[in-house]
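Biologist: I would like to learn how to read a protein model. Please show me one, and then we can go through its features in turn.

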Amino acid sequence: MGERGLRVIRQFEAYYDDLNGVRRAIVRRIPIAPGQRWLDIGTGDGWFALEIEGAAPPQVVVGIDLARCEVELARQHARERASRSSAFVQMDAYRLAFPAGIFDGVASFLALQDICLDREGLHRLFYEVNRVLRPGRWFALATTTPEDAETPSQRLALEIYQYIRAGFFTKAEIQAALERMGFQVEQMAFYPTGVNLDPEEAKAFIRFECDWLERAYGWRDKPDWQAVWAHFEPRIRALGGLEVDAKVTFFLARKVRPAAPPWADERVLFQEVRA
């Protein structure tokens with residue numbers, strides 16, 4: 001990769017550690033009370049779970065991620081911060097190994113696009129969130145919505161993410177899925193992160209993202225980073241760089257009713273079609 005590329009990746013990881021204060025700003029909007037139980041889905045490096053812990057003395061904050069390497073990194077960050085209330089475990093977000101109604105709040109920060117590739121996945125995830133939440137409690141969701149990309153560079157960054165691995169959903173799709181799965185959206189807000197990579201930094205970022213798929217999930221058929229770079233390089237250079245995760249959309253939704261399993265709706269629809 002070269003020294004410049006390694007420096008770019010270190011800077012990019014450090015950028016995500018802080019993310020221009022966006023994590024802290026979002027946590028300040030969440031009604032977190034002392035003694036509560038919180039779950040962070042797709043916790044990654046654990047920073048959002050640790051921000052929740054810092055907002056009020058909770059009983060516990062559990063961060064889950066499918067990638068073992070991410071869980072180990074989150075545990076390392078928790079040790080560095082002398083965390084007393086956080087726990088990080090490897091777990092599938094579609095099969096949460098918790099009893100119903102155990103959490104006072106569920107959060108997810110910039111993980112939706114990695115977990116859900118289609119609306120069926122969106123419904124499955126939100127059903128599980130609803131199941132483990134107590135009645136009337138909160139789901140705090142921060143993600144990237146494609147219609148809010150303001151510049152060609154931001155739109156290209158979304159296109160590259162989708163080309164490599166990610167799925168994105170519009171605000172309307174997310175809100176509709178939340179409402180179908182028993183939530184009412186109480187707040188929506190937007191936060192700029194300020195990241196803007198020059199072409200060489202964008203090249204290092206693409207390599208990092210492609211290699212991360214194998215490192216985190218063991219994907220042997222990951223996209224070849226050189227092929228991805230060759231495909232997008234002319235457009236990145238023409239734009240002078242790449243604005244990655246430039247805006248974060250925040251939803252705060254309250255559980256207003258239990259949700260029926262989404263596969264039950266699919267069975268009813270199949271029976272109606274057969275009839």
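Biologist: In which helix is E70 found?

Modeller: E70 is part of helix α4. Helices (H or I, at least four residues) and strands (E, at least two) are DSSP runs, numbered from the N terminus. This is a predicted model, where local features need pLDDT of at least 70 and side-chain atom pairs count only at pLDDT 80 or more, whereas totals for chains, interfaces and linings use all residues. Residues are numbered from 1 along each chain as its sequence is written, and side-chain values use heavy atoms, leaving out hydrogens and water.

Biologist: Is E70 buried or exposed?

Modeller: The cut-offs come first: buried means under 20% relative accessible area, exposed over 50%, and partly exposed in between (1.4 Å probe, protein chains only). E70 has a relative accessible area of 15%, so E70 is buried.

Biologist: Which residues does E70 touch?

Modeller: A contact means heavy atoms within 4.5 Å. Leaving aside residues up to four places away in sequence, E70 touches G44, D45, D65 and W212.

Biologist: What does H77 touch?

Modeller: H77 is placed in helix α4, which covers residues 68–80. H77 touches D45, W47 and L50, again not counting residues up to four places away in sequence. H77 counts as buried because its relative accessibility is 7%.

Biologist: Where does the loop with A82 lie?

Modeller: That loop runs between α4 and β3 (86–90). Most residues other than glycine have a negative phi. A82 is not a glycine, yet its phi is positive, at about 55°. With 56% relative accessibility, A82 counts as exposed.

Biologist: What is the phi of D245?

Modeller: D245 has a phi near 50°, a positive value in a residue other than glycine. D245 sits in the loop between α10 (225–239) and β7 (247–255), and at 6% relative accessibility D245 counts as buried.

Biologist: Which residues does F251 touch?

Modeller: F251 belongs to strand β7 and is buried, with a relative accessible area of 0%. Its contacts, not counting residues up to four places away in sequence, include F139, A140, L141, T143, K171 and I174. F251 and A140 are 111 residues apart in sequence, but their C-alpha atoms are 5.9 Å apart in space.

Biologist: How do I read a residue in a loop, and where does F169 lie?

Modeller: Read it as before: place, then accessibility, then contacts. F169 lies in the loop between α7 and α8 (171–180). F169 has a relative accessible area of 5% and is buried. Not counting residues up to four places away in sequence, F169 touches L112, C116 and L117, among others.

Biologist: How many residues has helix α7?

Modeller: Helix α7 (residues 152–164) has 13 residues. From its first C-alpha to its last α7 reaches 18 Å, close to the 18 Å expected; the expected span is 1.5 Å times one less than the number of residues. Its buried residues include S153, Q154, L156 and I164.

Biologist: At what angle do α7 and α9 pack?

Modeller: Axes are lines fitted to C-alpha atoms, for helices over the stretch in contact, and angles run from 0 to 180 degrees between N-to-C directions. Helix α9 covers residues 199–217, and α7 packs with α9 at about 30°, their axes 11 Å apart. Angles under 35 degrees count as roughly parallel, over 145 as roughly antiparallel, 65 to 115 as roughly perpendicular and the rest as oblique. α7 and α9 are therefore roughly parallel to each other. I160, Y161 and I164 of α7 make the contact with F205, I206, E209, C210 and L213 of α9.

Biologist: And what is the angle for α2 and α3?

Modeller: The axes of α2 (residues 22–29) and α3 (residues 47–55) cross at roughly 45° and come within 10 Å. That makes α2 oblique to α3. In α2, R23, R24, I26 and V27 meet W47, F48, E51, I52 and A55 of α3.

Biologist: How many helices and strands has the protein?

Modeller: The protein has eleven helices and seven strands. Of its 275 residues, 53% count as buried. Among contacts with a separation of 6 or more, 80% come from residues 24 or more positions apart.
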